[in-house]
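This briefing goes through a single protein chain by topic. Please keep the sequence and the model at hand while reading.

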Amino acid sequence: MASPNAVGVAALALSARHNLIGHPDALLSRLRGTANQGPVTYMGPNDPTNFAASLFGVPCLTGYCHVDQAHAIPFADAYGAGLVDAGDAVG
């Protein structure tokens, strides 16, 4: 879903900022410069043998219910350059 959202925001930015038309590097710079880089993402250990209770306190029947809240995954692995922000990119 990232690509359609980024393309939509790029189109909005181009329609609001005509100076970006014909300048793909400037458009990309604007999208990257205004992207939200604040979220932190954690991922589960993906241990199919771990049936301990999940964060909700109920048994985990699949082994994929657990989230490692001590070790965030690298931002770029989860979000690339960030989460596109339409308001900032257009404004």
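**Helix α2 and the overall picture**

In α2, the residues that count as buried are Leu27, Leu31 and Thr34. These residues lie on the same side of α2, because the arc they cover around the axis is only 85 degrees. The opposite face of α2, the one turned away from this buried side, carries Asp25 and Gly33, which are exposed. The model is a predicted one, and in it the chain has 4 helices and 0 strands.

**Chain and burial**

- Read from the N terminus on, the elements of the chain follow the order α-α-α-α.
- The chain has 91 residues, of which 16% count as buried.

**Helix α1**

- Helix α1 is made up of 15 residues and reaches 21 Å from its first C-alpha to its last, which is close to the 21 Å expected at 1.5 Å a residue.
- Which residues of α1 are buried? They are Val9, Ala10 and Ala13, and they lie on the same side of α1, because they cover an arc of only 105 degrees around the axis.
- Pro4 and Val7 are exposed residues on the face of α1 that is turned away from its buried side.

**The largest pocket**

- The largest pocket has a volume of about 260 Å³, and of the 14 residues that line this pocket, the closest to its centre are Ala2, Ala6, Gly82, Leu83 and Val84.
- Two helices, α1 (2-16) and α2 (24-34), each supply at least two residues of the lining of the largest pocket, and the largest share of that lining, 4 residues, comes from α1.
- Sorted by class, the lining of the largest pocket consists of 10 nonpolar, 3 polar and 1 charged residues.
- Alanine 2, which has its place in helix α1, counts as exposed because its relative accessible area is 59%, and the cut-off for exposed is over 50%.
- The C-alpha atoms of alanine 2 and valine 84 are separated by 8.4 Å, although these residues are 82 residues apart along the chain.

- How many aromatic pairs does a search of the whole structure find? The search finds 1 aromatic pair, formed by phenylalanine 75 and tyrosine 79, with a distance of 5.1 Å centre to centre and an angle of 40 degrees between the planes, and this pair is tilted.
- Both phenylalanine 75 and tyrosine 79 lie in helix α3 (residues 75-79), where they are 4 residues apart, about one turn of the helix.

- Valine 90 is found in helix α4, which takes in residues 86-90, and at 27% relative accessibility valine 90 counts as partly exposed.
- Valine 90 and arginine 17 are 73 residues apart in sequence, while in space they are 7.2 Å apart, taken from C-alpha to C-alpha.

Definitions and conventions
Residues are numbered from 1 along each chain as its sequence is written. This is a predicted model: local features need pLDDT of at least 70, side-chain atom pairs count only at pLDDT 80 or more; totals for chains, interfaces and linings use all residues. Side-chain values use heavy atoms; hydrogens and water are left out. On a 1 Å grid over the protein atoms alone, a cavity is a set of points where a 1.4 Å probe fits but cannot get out, and a pocket is an open set with protein on both sides within 12 Å along at least five of seven lines; lining residues have an atom within 4 Å of a point. Grid points are joined across faces, edges and corners, and a volume is the space filled by probe spheres set on the points. Ala, Val, Leu, Ile, Met, Phe, Trp, Tyr, Cys and Pro count as nonpolar, Asp, Glu, Lys and Arg as charged, and the others, Gly among them, as polar. Rings of Phe, Tyr and Trp (its six-membered ring) pair if their centres lie within 6.5 Å; planes under 30 degrees apart count as stacked, over 60 as edge-to-face and the rest as tilted. Buried means under 20% relative accessible area, exposed over 50%, partly exposed in between (1.4 Å probe, protein chains only). The expected span of a helix is 1.5 Å times one less than its number of residues. The arc is that of the directions from the helix axis to the C-beta atoms.
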